[in-house]
Amino acid sequence: MEAYGMSSAAEAAAVALAEPVPTTTLTEHGILPAEDSETSSPNPLAKKPRGRPKAAVGATQQQSPADRALRRRQRNREAAKAFRQRQRAYTTELEQQVAALTAANAELQAKWYFLFSEHQLVQEQLTSLRAFIASLFPLGSAPQQQ
């Protein structure tokens, strides 16, 4: 390239620009390097399809209305069974929470009863100590502090 009047720095820059630059793709999982970007979708921010995948157009037209109704009933049965299982699991979880909270409540009530009894005992001791001190030092004859 010296023949064309380019210096070695310009030549290096031209070679660097001629090489393909590795590209990256921004996805919901971060930035993907060039080798992964070919396998990803052209628009990584595109929304994913929701719901059940649609059946092939030919397959739906080939089924009779009775077959479609039978398949729909089968899917409905499976969905209802899955719902009942989820409902049972949720109910079991709630029952376990109730049992744990009931045990914690009983423990806290026992602790409260113990502390309340102890408080009453300390109150009675304080009252008797005040009476004892008052009997030792009648009003107006309290000891002088030095």
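Of the 146 residues in the protein chain, 3% count as buried (buried: under 20% relative accessible area; exposed: over 50%; partly exposed: in between; 1.4 Å probe, protein chains only).

The model is predicted; local features need pLDDT of at least 70, side-chain atom pairs count only at pLDDT 80 or more, and totals for chains, interfaces and linings use all residues. Residues are numbered from 1 along each chain as its sequence is written, and side-chain values use heavy atoms, with hydrogens and water left out.

The secondary structure of the protein chain consists of four helices and two strands, arranged along the sequence as α-β-β-α-α-α. Helices (H or I, at least four residues) and strands (E, at least two) are DSSP runs numbered from the N terminus.

Confidence is expressed as pLDDT, the predictor's value for each residue from 0 to 100. The mean pLDDT of the protein chain is 78, and 57% of its residues reach 70 or more. Confidence is lowest in helix 2 (residues 34–37), with a mean of 51, and highest in helix 4, at 96.

Patches consist of residues with over 30% relative accessible area and no salt bridge, like charges being joined within 9 Å and nonpolar side chains (Val, Leu, Ile, Met, Phe, Trp, Tyr) within 5 Å. A salt bridge is a side-chain nitrogen of Lys or Arg within 4 Å of a carboxyl oxygen of Asp or Glu. R68, R71, R72, R73, R75 and R77 form a positive patch; F132, I133, L136 and F137 form a nonpolar one, with about 400 Å² of accessible area together.

| Residue | Location | Relative accessible area |
|---|---|---|
| R73 | helix 4 (residues 65–136) | 46% |
| L136 | helix 4 | 47% |

R73 counts as partly exposed because its relative accessibility is 46%.

How values were computed
Accessible areas come from the Shrake-Rupley method with a 1.4 Å probe; for residues, only the protein chains shown count as cover. Lys and Arg count as positive and Asp and Glu as negative; His and the chain ends are not counted. The place of a charge is taken as NZ of Lys, CZ of Arg, CG of Asp or CD of Glu.
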